[in-house]
Amino acid sequence: MKFSQPEKQRNIIEALRLSALAVAKMQHQDPISTAESIPEIWKAAEGALESEPEHIAWIFLANCVASAAISCLRQPRMRCDLSDTDMQDVAEKFVDRLPSTGVLHAHDIVNLSLAQAVEPCISAASDEFRNAAPDNLYGDDGLTGVFQDALRLAVSKVFAQDPESFNGVVAAVTSVTAEAERRELAWQRHGAWINSTFYQAPIFSPDNEIDVPLAEVYQELRCFWNKRHFKKAEGTDEDIDYRTATVADIHETMTEWLLSAPDNDAIRLVAGGSGSGKSSFAKAFAARLVHTGTHRVLFVELQHMRMGSAGDTLKASIGRHLEDLHGYKQPDKCEGFPSNPSDWHGTDHKPLLMIFDGLDELTANQDRASDLTQRFVSNLNHMLNSLSNAGQPAKAIVLGRDLAIDDALKEADRPLESVLHVAPIRPMTREDLRLDGNPPDERIGEDFDPVSDSHYLMEQDLRLDYWPRWCAANGQETEDPPKSITDESMADLNVEPLLLHLLIISDYCGARWREAAANRNLVYQDILSKVFARNKKKKLDAYKQLEEKNFFELMEVFALAAFRNNGRTGDNSAFEKLRKIYAKPKDNLVYAGMDGASLKSVALLIHSQSDIKGAGFEFVHKSFGEYLAARALIGAADRLRQRRESDEFDGTDGDHALRWCEWIGDGVLTNAVVRFLKDEARMRPPADATILALTEIFNHTLQHGFPVQDLKQYNNPTYRDLERQQRAAEKCFLTVLTILAQVREKRATISFSALASSNTMAMALIQRAFPFGEEATDLPVQMSLLDLSNQFLWSAVLNSANLFEANLSKVSLGKATLFNADLTGADLTGALLHWAILIDAHLSGARLTRAELIWADLSGANLSGANLSGARLNGADLTGADLTGANLTEADLSGANLSGANLSGAVSELTDARNLTQQQLHEAFGGRTGVGQTILPEGMDYPGHWHDAAEGHREGFDAYERAYRVWLSSIP
């Protein structure tokens, strides 16, 4: 078809500029500014749209070029700061390069980037874009390539936005005799969409400001697959059932299967946890295959797809889904087809590869998740057989989380080797390879090794390859990887590509990474909130009635079920029971009729897999279960308060204690859960009423115990069963109570009346909650804000104990071990601490007035701001102690070792300290003048190495700290 430029160019160009901008904005999901339709824009330009077909053809061609140019400028990596008007001016420069006359062919509509008419535009693309966006992150070839991709998409988008105006052009070029060209156009458009997901679409970022596409940071993954074997044991008729594992590059493995496997081996399943890199691999493999042009590649995101009703076929469901996404119905989408592409396969000249990503998310859309998972893979196998018999070979890759893939494998009766498991990006171990059920190697054969790793891939640490790629993509100078990238303490966040990516783009990758290692709740909550938002956005049926609070509540129930069962596995029956007693009554009514509230549906949304016995699900990343268990324990505490306040529950404190036991079961606190508990309590400060309610309930249990005998968890429970449950309930309760009290805005000491009436109950409580000997754990004691005044705790072992703001006045802690204990703000007035070990203890702000610290070891202790007035520090070891701002009025320092101690601070007055010597001052460090000045007793001289500082400036404190560190480093 011929085209020619219309004479009324001025009005035409104005309408052209506006419509091109609207198309580009719609492509980049800017619906507010594209509210006005394209036909209305054309009508607004007087006399603009001339009726001659040749003129309309030129306008169509020009609109495609202009919208492609603006679409490129709006790409994040173009980093273009131009206004919409300026972008239109750039688009007009491209249009000016079009010839005034020419011919449009059918293959031009299929792929406009190959049209002779647009060659001048393509040739000038790199110069025009570099002038318009000098800070872009593309090279010359990249700028040209981006424009060519945009041209391939522009034809369908421009036509879909205004079929009324351009129907005649497309019909004339792609006539009834050009069906092949129309189909090729659909495949080209679908291929361009696949390319855009890998080469153009920015990777995920919380604020959507990162413009790096997946292709620039993509890390090629390793995979492994298992094979099952049987052999006779030597000298017997016994069959030995065992597995072997093969480790390989996933791209090479999949390519070899695609090109050489027989037609009856038409499906590969790819399994891995959330964030393991499955979807990234799928996009990369599809895009690279599109580039080679050897196959038709059909990519389907299953979270958007609905299976048909009973009697419908999988082929029909796929076709309907793709037609619904076609440009005529969804102008801002391009992955759809005008009709079912499976119907074209019989006459196609290329083999077909279908990629289905998100099998687990497909099942979340249905009422019977397991059945649909099984039916999908089984029906897919039959569909592929039919397609291969009718034409070229047809194969499929199905990706999903381990649980969904395992279910599909069983139902479809596929061999183990048809499943490729995505490997972690850290160095691999044998434990990663699903060989747990094997007998010992020597029983299978002499020198037998079940692992085949011919290229030594297992020992590679792919994280070290990912980091320089990330730096290069972001225009950063490549330096040594941050410690967080490979440190084992960050293993919950750095062994899978998605989580590693989230870590890198967070504030916890560089200098602050230790904050995330010690307080990961911020990262975990953010990840889970994004999971909810992602699934909510997908409009899955299971999410229609769910709010974020319900989502987290169900996750917490799952975690409680796991917490009761070794912290990893959540049992189906336990989940159902816990959901009923954990959720509020009105929420239970919602959950009861919601398939999305079942354990299986919940488990599919988080790092989980079927447990070994098949009775429930387990967290692949145990840390997710620990984090959610901590959330659940904090939530359970508030639920007890609500029960005590509610008229619906007419229960006693004993009844509330029983409910706590039902939630906890045999759950054992670990250090990891306690860490999450502390951070969660800081994130969700409790009400004062919650602290009071828990205090009263616990006071009841001190007298009467937790009623574990009423749990009926075991038939004919033994004494040990009851003792274990009693200990679990008490330890969890006390820990949660004290942690909540620690973060309460108006802190008040927790006073148990039972303790006040007994001299031995406090020690007995510590020994029960934190046993010694064989039952001892390294769990830090959590007793912050407790009233332990006047208690006899001689020789108590309280290493790393949390005694934050506890009332320890007149307590007897002689020879007690309090290494690294947190006594911040604690009241130790008159406490007896003879020979106590307080190395590295945190005593900032503690009240130690008249405390007996004779021969106590306080080396490295933080005593900043502590009140030590009148304290006896005779012979105490204060080596390296921080005494900034400490009150040492009338403190007896006879024989105390102050070597390396920090005595700075305007409040640090040593004027009235007793038995202080000049030699002790020379061994310490302080301020002579200005900021941090230490006031010395009359007649004593300031040592020469002490610091002189400017008065009243923040810089003065920093300078003092630097000087102190320099002096410390100089001490032999």
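## Strand S5

Strand S5 (residues 267-271) is mostly covered, with 5 of its 5 residues buried. Buried means under 20% relative accessible area, exposed over 50%, and partly exposed in between (1.4 Å probe, protein chains only). Strands (E, at least two residues) and helices (H or I, at least four) are DSSP runs numbered from the N terminus. This is a predicted model: local features need pLDDT of at least 70, side-chain atom pairs count only at pLDDT 80 or more, and totals for chains, interfaces and linings use all residues. Residues are numbered from 1 along each chain as its sequence is written, and side-chain values use heavy atoms, with hydrogens and water left out.

In a regular strand the side chains alternate between the two faces of the sheet. On S5, Ile267, Leu269 and Ala271 point one way. Arg268 and Val270 point the other way, and all are buried.

## Partners of S5

Two strands pair if DSSP finds at least two bridges between them. S5 pairs with S8 in the parallel sense over 5 bridges. Here leucine 269 stands opposite valine 398 in S8. S5 also pairs with strand S9 (residues 419-422), again in the parallel sense, over 3 bridges. Valine 270 has leucine 420 as its bridge partner in S9.

## Strand S7

How many residues of strand S7 (residues 352-357) are buried? The count is 6 of the 6, so S7 is largely enclosed by the rest of the structure. Leu352, Met354 and Phe356 point one way. Leu353, Ile355 and Asp357 point the other way, and all are buried.

S7 pairs with strand S6 (residues 296-301) in the parallel sense over 6 bridges. In that pairing, valine 297 stands opposite leucine 353 in S7. S7 pairs with strand S8 (residues 394-400) in the parallel sense, also over 6 bridges. Phenylalanine 356 has valine 398 as its bridge partner in S8. Valine 398 also stands opposite leucine 269.

## Helices H11 and H12

Two packed helices are described by the angle between their axes and the distance between the axes. Helix H11 (residues 250-260) and helix H12 (residues 278-292) pack at about 50°, with their axes 11 Å apart. That makes H11 oblique to H12. Axes are lines fitted to C-alpha atoms, for helices over the stretch in contact, and angles run from 0 to 180 degrees between N-to-C directions. Angles under 35 degrees count as roughly parallel, over 145 as roughly antiparallel, 65 to 115 as roughly perpendicular and the rest as oblique.

The crossing of H11 and H12 is right-handed. A crossing is right-handed if the near helix is turned clockwise from the far one by less than a right angle, and left-handed if anticlockwise.

## Aromatic pairs

The structure holds 24 aromatic pairs. Rings of Phe, Tyr and Trp (its six-membered ring) pair if their centres lie within 6.5 Å; planes under 30 degrees apart count as stacked, over 60 as edge-to-face and the rest as tilted. Phenylalanine 925 and tyrosine 964 have ring centres 5.6 Å apart and planes at 40°, so the pair is tilted. Phenylalanine 925 lies in the loop between helix H34 (918-923) and strand S14 (927-929), and tyrosine 964 in helix H35 (residues 954-970), so the pair ties together parts that are 39 residues apart in sequence. Phenylalanine 925 is buried at 1% relative accessible area, and tyrosine 964 is buried at 4%.

Tyrosine 942 and tryptophan 946 form an edge-to-face pair, 5.9 Å centre to centre with 65° between the planes. Tyrosine 942 is partly exposed at 28%, whereas tryptophan 946 is buried at 4%.
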